[in-house]
Amino acid sequence: MSIEVRNLTHAYSEATAMRTVALEDVCMTVEDGEFLGIIGHTGSGKSTLVQHLNGLLKPTSGQVLVDGEDLNGEHVNRRILRQRIGLVFQYPEYQLFEETVAKDIAFGPKNQGLPKEEIDERVRYAMECVHLDFQKYSERSPFELSGGQMRRVAIAGVIAMRPSVLILDEPTAGLDPRGRDQILSMLEQLHAEQHTTIVMVSHSMDDMARLATRLIVMAEGKVLATGTPREIFAQEKMMLSAGLGIPQVASLCCALRKKGFDLPPDLYRPEELKEHILRLWQNKRKEVLSGKEESLC
Amino acid sequence: MQTDEQILLQDVSFAYDEASSPALSHISASIRQGEFVAVLGHNGSGKSTLAKLINALYIPGEGNVVVCGYDTKDEKLVWEIRRRAGMIFQNPDNQIVATVVKEDVAFGLENLGVPTDEMIPRIEQALSAVRMSKYADSAPHTLSGGQKQRVAIAGILAMQPSVIIADEATAMLDPSGRREVLETVQMLNRSKGITVLWITHFMEEAALADRVLVVTDGKIQLEGTPAQIFDRVEEMKEMHLDVPPMAALANELRKEGMPLPGGILTVEDMVQEVEKTLCPSKSAT
């Protein structure tokens with residue numbers, strides 16, 4: 001399933017003195033099977049954009065096409081589309097309300113009118129996806145769980161709808177390192193094994209470096225740049241102008257290059273920079289051994 | 001204050017109720033005046049309980065908590081302690097009570113019964129210290145998360161505290177909001193000598209502290225300078241905690257035999273050490 005956003009403009013409080021333009025003439029796509037990262041400073045329009053991707057907001061102008069069909073067209077069944085494009089809000093655990101974990105996750109499929117066996121199967125599947133043991137947690141109250149577990153229950157509620165596209169707005173915000181890692185591994189697995197298309201909004205460049213196959217950089221309601229993480233993180237100046245940083249590994253690569261070290265310009269993963277630094281060090285040792293020196297600097 | 005030990009925990013244990021296992025057991029620590037101490041630990045480790053014990057929101061079941069020379073067990077001293085040890089919490093929206101910024105800053109002072117003519121300059125100074133003076137008459141809901149947290153800090157500052165306790169005060173902020181709040185607190189620590197207890201999940205924030213306490217399972221497991229703590233990469237991982245990316249990279253390079261020293265925490269540290277290792281004669285000059 002692919003989504004195409006064409007010349008999308010969104011203004012809040014339209015036709016009042018408080019009118020603010022959150023998105024202006026935005027064009028972007030979500031390709032089938034990708035892990036798309038959306039980054040940008042607060043107020044850059046990221047959250048507004050993702051709410052358009054499943055038709056939660058209506059464009060002031062422009063279109064959102066899902067597999068070529070206008071999401072806001074007259075004959076579109078938005079209810080069905082929203083089942084196929086799942087949206088997980090910021091702090092989704094605030095929306096848990098049921099008595100048990102299983103009931104909360106079953107809420108969506110139940111509303112869809114699915115038979116009981118299918119609902120049970122979906123709850124088990126969703127809990128497995130978010131790494132929550134069915135035996136141990138299905139009958140527990142969601143409110144007794146840790147913050148990270150509650151968030152995973154909320155995400156499971158969306159996964160139980162079996163969406164083709166899963167959109168998450170800052171899924172790791174406010175969690176401890178273990179909670180963050182659990183959410184990220186789960187998304188990594190969902191993308192790799194279930195081939196779910198994932199769109200993630202995050203402030204963490206290190207999380208994006210780990211997971212995203214493509215990035216969109218937003219600034220002041222517009223798309224500032226798009227590209228692979230390698231292409232984007234090599235542009236330190238552009239990122240700083242958008243009020244963003246780059247992963248520390250990318251800054252280190254940049255700083256070492258400025259000092260004259262022979263490194264490719266676009267390293268951003270710790271493993272690859274490690275290999276290159278080791279290579280430089282080993283070359284240096286060989287030179288020292290063979291009596292040549294200083295050629296590195 | 002007779003000693004420079006501003007916060008003293010002596011063999012402190014605390015349980016939420018008698019049936020459950022203790023949230024903290026037999027903790028001892030002391031924090032000097034003007035120190036910036038970071039507390040790390042995953043959720044449920046007991047670090048928020050620790051903060052609330054220092055603020056006299058909780059009273060220890062066993063042991064003593066002494067803040068600025070006052071024992072928190074003495075009920076008469078609770079307000080003295082809370083005035084001196086102000087606390088900021090995680091959610092910026094949960095700690096603003098008034099509809100105008102300067103009235104929010106006034107809230108604590110009103111409770112203390114400070115006379116109005118003294119209150120006004122104190123509010124002005126507090127807002128100026130967190131660089132929020134021009135928002136004095138704004139409505140809090142129009143502010144960003146980072147700005148709201150700075151207003152919360154101003155509310156504490158107006159009470160002229162000796163200690164600021166921040167319980168994940170940056171967790172819900174974006175990177176620039178986080179920087180804003182951390183820099184504000186660092187500045188207050190340096191210029192006014194306010195002691196800071198900074199509870200966080202962000203290792204790069206802890207890397208800037210004078211000292212780090214790692215709390216897991218209700219105990220202080222590790223204690224030391226950021227350099228000492230973050231060189232123990234494997235131990236931190238076992239406790240499900242991170243280390244800053246540069247400390248992790250340095251650890252990986254050392255494992256391969258590259259002779260890098262300990263205590264590499266930032267990109268600048270790493271650049272310097274890589275240069276030293278690869279071009280020894282150049283960096284000697």
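**Questions on a predicted model**

Biologist: What do S9(A) and S10(A) form, and which residue in the turn has a positive phi?

Modeller: S9(A) and S10(A) form a hairpin with two residues between them. The residue in the turn is Glu220(A), whose phi is positive at about 45°. All of this is read from a predicted model.

Biologist: What makes S9(A) and S10(A) a pair, and in which sense do they run?

Modeller: Strand S9 (residues 214-219) and strand S10 (residues 222-227) of chain A share five bridges. Pairing requires at least two bridges, so these strands count as paired. The sense is antiparallel. Within this pair, Ala219(A) stands opposite Lys222(A) in S10(A).

Biologist: Why are H6(A) and H7(A) called roughly parallel?

Modeller: The two helices pack at an angle of about 20°, and their axes are 9 Å apart. Angles under 35 degrees count as roughly parallel, and therefore H6(A) and H7(A) get that name. The crossing of H6(A) past H7(A) is right-handed.

Biologist: Which residues of H6(A) meet which residues of H7(A)?

Modeller: H6(A) contributes Gly147(A), Gly148(A), Arg151(A) and Arg152(A), and these meet Arg178(A), Gly179(A), Gln182(A) and Ile183(A) in H7(A). By class, the residues of this contact are one nonpolar, four polar and three charged.

Biologist: How many residues does each chain bring to the contact between chain A and chain B?

Modeller: Chain A brings 33 residues and chain B brings 31. On the side of chain A, the elements that give two or more residues are helix H6 (147-159), helix H7 (177-193), helix H11 (248-258) and helix H12 (270-289). H12(A) gives the most, with eight residues. That side of chain A divides into 14 nonpolar, 12 polar and seven charged residues.

Biologist: How is chain A divided, and how far apart are the centres of its domains?

Modeller: Chain A has domain 1 (3-246) and domain 2 (247-290). Their centres, taken over C-alpha atoms, are separated by 36 Å. In the contact of these domains, nine residues of domain 1 meet eight residues of domain 2. Helix H8 (205-211) and helix H9 (229-233) of chain A each give two or more residues to the domain 1 side. That side holds six nonpolar, no polar and three charged residues.

Biologist: What is the domain assignment of chain B?

Modeller: Chain B is assigned domain 1 (5-226) and domain 2 (244-285). The centres of these two domains are 35 Å apart, taken over C-alpha atoms.

Biologist: What makes S6(B) and S10(B) edge strands?

Modeller: The open sheet of chain B has six strands in the order S6-S7-S8-S3-S9-S10, with mixed pairing. Strand S6 (85-88) and strand S10 (219-224) each pair on one side only. From one strand to the next, the twist averages 20°.

Biologist: How do you know that S6(B) and S7(B) pair?

Modeller: S6(B) and strand S7 (residues 163-167) of chain B have four bridges in the parallel sense. At least two are needed, so the strands count as paired. Met87(B) stands opposite Ile165(B) in S7(B).

Biologist: Which strands does helix H6 of chain B touch?

Modeller: Helix H6 (residues 175-192) of chain B packs on the sheet and touches S3, S7 and S8 of chain B. The direction of this helix makes about 160° with that of S7(B).

Notes: Residues are numbered from 1 along each chain as its sequence is written. Chains are lettered from A and ligands numbered from 1 in the order in which they are written. This is a predicted model: local features need pLDDT of at least 70, side-chain atom pairs count only at pLDDT 80 or more; totals for chains, interfaces and linings use all residues. Domain bounds come from an automatic or database domain assignment. Two residues are in contact if their C-beta atoms, placed from the backbone, lie within 7 Å. Ala, Val, Leu, Ile, Met, Phe, Trp, Tyr, Cys and Pro count as nonpolar, Asp, Glu, Lys and Arg as charged, and the others, Gly among them, as polar. Axes are lines fitted to C-alpha atoms, for helices over the stretch in contact, and angles run from 0 to 180 degrees between N-to-C directions. Angles under 35 degrees count as roughly parallel, over 145 as roughly antiparallel, 65 to 115 as roughly perpendicular and the rest as oblique. A crossing is left-handed if the near helix is turned anticlockwise from the far one by less than a right angle, and right-handed if clockwise.
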